[in-house]
Amino acid sequence: MSTKAIESLSEDTVRRIAEERNEPDWLVETRLDALAALESAPLPDVIQTPGRKWTDLEALDFETLVDPLNQADTTDRDADGDVVVCSFLEAFEEYGDVLEESFGSVIDPTENYLTALSVALFTTGTFVYVPEGVAVEDVTVRAEMNSRSLFSQTLVVAEESASVTILESIESGADVADDRYFSNLVEIVAGENANVQFGSLQNLSPDTSTYSLKRGDAGTYASINWIESNFGSRLTRSDVETELNGDGSESQIVGTFFGHDDQHFDINARVWHRAEHTTADLVTRGVLDEEARSVYEGVQDVGVDAWNTSSYQRENTLMLSDEAEADASPKLIIHNHDTEASHSATVGQVDAEDLFYLESRSIDSQVARNMLVEGFFVPVLEEIAVDEFREDVEALVAERLR
Amino acid sequence: MSSEQEHLKETDTEARFEFKKEEKSAFKADKGLTEETIRVISEDKDEPEWMLQRRLRALKQFQKMPMPTDWPGQPDISEVDVDEIIPYIRPDVDVRAGVDDWTELPEEIKDTFDKLGIPEAEKNALSGVGAQYESEVVYQNMQERWEEKGVIFCNMDKAVQEHEELVREYFMTKCVPPSDNKFAALHGAIWSGGSFVYVPEDTTVDMPVQAYFRMNSEGMGQFEHTLIIAEKGSEVHYIEGCSAPKYSAFNLHAGGVEVFVKEDAHVQYSTVQNWSKNTYNLNTKRAIAEKNGRMEWISGSMGSKATMLYPSTILKGRGASDNHITIAFAGEGQDIDTGAKVYHNAPNTKSTIESKSIAKDGGRTNYRGLVHIADGAENSSTAVECDALMFDNDSTSDTMPYMEINESKVDVAHEATVGKIGDEDIFYLQSRGLDDDDAKQMIVSGFIEPITEELPIEYAVELNRLVELEMEGSLG
C-alpha cells in the first residue's frame, strides 16, 4: 500500500511533544526515526483470502483521527512494595539507563506504520521496574482517554527472579464529538526466572478505533502470562505476542472478547519458540452478538533450535446472532520435530439441548441463554488468577447480557 | 536391510517411475507462449472457432495476472518461467484420438504404461482407462456395458468434437473460469488432453474409471483438462495417476479439473500424484455439488518439487456434502503446499476435511485450507482435522487453516496436531522383534491408513509402496 502521509505531522510536532516532556536526546531521536519510517512502513499484516480482506485498516483516516498536540488522559497508578511504577516523565532522571536500554528492544518502533505513529507521538504510558528478587502483586494502572487521539507506551522490566502482576484498564472519559483513535504499545522484558502477569481490559467508547500491540521477551526460565480482554471500541486490532527466547521459558495468552452492534475485533495471539524446553498455551474465547464480527489469528512458531517444545492453542467463538461473523485462522509453523503441538478452533451457537434443559427447569429462555453465555467464559475466567480482574470481566459480560 | 525393503527392491517400484523414454514426437510446439502458439495448437487439434476464442481470452487473462507471490509461506515458484516451457507435444500415434487396444500403441509408449502397471489394473479393477502421454491421450477404453448405458468416457479433445454442446456449456464457464488464478488462465490457453466423463441419470458406475498422465520429455508442461458431469442420482469414482521421469530442467503441470455433482449424485475423485522432483504441480480442481449431492476428494501428494493444490468444493444445493481426505509426503527438496477449500453456500450442507502430512529430510509440508460458511447456510457443519508427522529437524511442517463463518446456526470445528514418531511406539514394536526401520514404516503406514482404506486395494498398495520407497534409505 502507499502509506498515508499525515499532513499535519512534522518534525516540529514531534519535537514539541518531546520538549514539553523534557525528554532525553536518545528518545527524541527514536521518535524522529519513527516519524521518518512513516514514509515507507506498511500497515500491519491482515489476513486475506480469495476476494476478502478480513480487516480493513486502510479505511482508517489518520488525517482526521490523529490530533497529536491535544492528547489528554487521566491515569491512576497504584502499587505497593519495592517496585517502581510511574510515568516515563518521572522515570527519566533515576531510571534513564534502564529506559534507554530496554525501550524499543522488544517492539521495533519502525516495525509497521501503526507502531511508528505510536512511538513518534506517545504522550502517556507507564514504566514498571521490578528489581531483582522483588515480588509484587497488585500493580494497577487505570486510564481514561479524554481526547480525540491518544498514544500510550508501556515498558515493563522485570529483573532476575522478580515477580509482578500488572492490571491495566482503559476507558473513555470526557465525550468527544469526533471519531477517536487509541494506540497502545506494551513491551515486557522478563529476565532470568522472572514472572510477569499482565492483564489488560479495554472498554473504550464505540466511536473509537483501537490498535494495541503487546509483546514480551521471556528470558531463561521466565514466564510471561497475558490476559487480554476486549469489550469496547468499534474497531479493535489487538496483537498479543511472546518471544520465548530463554531455555525453559513459558507463556500463556488468555483472551476474551464480547462484541455487539457493529463492533469488529481483530484478535491475534502469537508465540515464537526460540529456545529449548519452552511451553506455550493460547486460550481465547469470544462471544458475538448483533452484527459484530471477529477475526482471530493464532500463530505457534517453533524454531529450529526449539527442542522439546510444548505448544497448545484453543479458540472458541459463540455466535448469538445470525448477523454476526466469525473468522479464524489458527496457524502452526513447526521447524523442530521434537515438538508436541496442537491447536483447535470452533464456532457455534448456544447449545439447543442445554437451553432446553434449563427451560425445562422453568428458567426463562433469556435468563437461560445468559447463564450459558456466562458459563461459556468460565474456562477462560478460571485462568485469571487475579480476583479483581476476573470480577471486572464478569461484570462487563453481565452488563452486555442485560 | 529389512525384509520390507527387500520386498520393495523386488517389486522394483522405483524403476517403475524413474525410467525415461527417448523422445519421439509427431508435433512439438516451440518453447514459450504466444498467440501464434495457441493458434497452431488449436489448428493441429482441428478445434471449433469458439474453443480457439476461449483459449485466446484465457491467454489475455494470463498475461494480465501477476504471479502469486504474496501468500504467507508459499513455495518458491520463481523458477517457473512459462517462456521456458514446451507447452505442447503430440506423440507419434497413428490414431489421433487414441486407440482402444494397448497392442496398437508404439512399442515405447506401450512399454511405459506396462511398466506403470496400467493395462494390468484395467483388467482387474477398472471400468475404463485413459492414458495420456505428453500432451495427448494415446489410449482410451471403457467396458461396453457402460457405453450401452450412455456413460461417456473419452479424451477431452475428442469430446470437443463429438459432444460439442455439453463441452461448450460446461468447459471453464461455471466452475473454474480462466480468471480464477494465473495458472488456471494458463491452463485455459494451452490445455490439451485429459478426460471427459458423463454419467447419465440414475446410473451407477460400480468400478472406478482411471486416467493416467505421463510426462516423458524434459522441460515440457502438461495441461490436461478433466471434466466430469454426474447427472441426477448417478455415481462414479474417477482415479487419476501421474508420474514423470526426473530431469534437471523443470517441468510444469497445470491441470484443470471441473466436477459437476448434480442432485443426489455422488462423485469420488482420487489422485495419486507421483510427479518427479523437478515438477511444479500447480493444479486447479473444483467441484460444484447440487442438492444432496456428495463430492469426495482423495489425494495422495507424493511427488513434485513444489505443489500448490487446493481441491475445492462449492456446496451449492441444500443438503450437499463434501469429504476431503489428503495425504502429503515431502522428502528432500520438496515443498508440498496443499489442502482444501469448501464453500457452504446452502443450508444443511456438511463437510469434513482430514489431512495427514509427513515431512522428512528437509521437506516441507503445509496444510492450507479455507472453509467458508455463507450467511443463510444454516444447520451447516464442518470438521477439519490435520495431523502432521515430522521425522527430523531439517524438515518443516506448517498448518494454515482459514475459517470464515457468516452464519450462526452452524457447527464448526478445527483441530490440528504436530508430533514426531513416538519413541515409545518404536520401543514397543522393537520389543516385539521388529527392527527400527520396520517399526517406523509400520507407524507411518498406520498414520496414513485412514487415506489408504478409502482407495481401491490396488491403489492402496501402490500408495503404501510409494511411502515405503520414500522411507527407504534415510532410515537404514
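Modeller: Chain A holds 8 helices and 20 strands, where helices (H or I, at least four residues) and strands (E, at least two) are DSSP runs numbered from the N terminus. Before we go on, residues are numbered from 1 along each chain as its sequence is written, while chains are lettered from A and ligands numbered from 1 in the order in which they are written. This is a predicted model, in which local features need pLDDT of at least 70 and side-chain atom pairs count only at pLDDT 80 or more, whereas totals for chains, interfaces and linings use all residues.

Biologist: What makes chain A as compact as a globular protein of that length?

Modeller: The globule rule, which is 2.2 Å times the number of residues to the power 0.38, is set against the radius of gyration taken over C-alpha atoms. For 402 residues the rule gives 21 Å and chain A has 21 Å, so the chain is as compact as a globular protein of that length. Along its principal axes, the C-alpha trace of chain A spans about 70 × 50 × 45 Å.

Biologist: Which strands does β5(A) pair with, and how do you know?

Modeller: Two strands pair if DSSP finds at least two bridges between them. With strand β4(A), residues 84–86, there are 3 bridges in the antiparallel sense, and C86(A) stands opposite F127(A). With strand β7(A), residues 149–158, there are 7 bridges and the two run parallel, Y129(A) standing opposite V157(A).

Biologist: Why is V350(A) called partly exposed?

Modeller: V350(A) has 19 C-beta neighbours inside 10 Å and therefore counts as partly exposed. This residue is found in the loop between β20 and α6 (352–360) of chain A. Two residues are in contact if their C-beta atoms lie within 7 Å, and, leaving aside neighbours within four places in sequence, V350(A) is in contact with L318(A), L355(A), R369(A) and L372(A).

Biologist: What makes the buried residues of helix α5 of chain B line one face?

Modeller: The buried residues of α5(B), residues 107–116, are I109(B), T112(B), F113(B) and L116(B). Seen down the helix axis, these buried residues fall within an arc of 85°, so they line one face of the helix; the arc is that of the directions from the axis to the C-beta atoms. After α5(B) comes G117(B), whose phi is positive, near 80°.

Biologist: How many residues does each chain give to the contact between them?

Modeller: The contact takes 33 residues from chain A and 31 residues from chain B. On the side of chain A that touches chain B, the elements that give two or more residues are β19(A), 325–334, and β20(A), 339–349, and the largest share, 11 residues, comes from β20(A). Across the two chains, β20(A) and strand β25(B), residues 410–420, pair in the antiparallel sense over 8 bridges, with A341(A) opposite V418(B).

Biologist: What is the confidence in chain B, and where is the pLDDT below 50?

Modeller: The pLDDT is the predictor's confidence in each residue, from 0 to 100; its mean for chain B is 87, and 94% of the residues reach 70 or more. Over residues 1–13 of chain B the pLDDT is below 50, although this stretch has 19 contacts in the model beyond near neighbours in sequence. Where pLDDT is low, the predicted coordinates should not be read in detail. The model scores ipTM 0.87 and pTM 0.89.

Technical notes
Buried ≥ 20, exposed ≤ 12 C-beta atoms within 10 Å, placed from the backbone.
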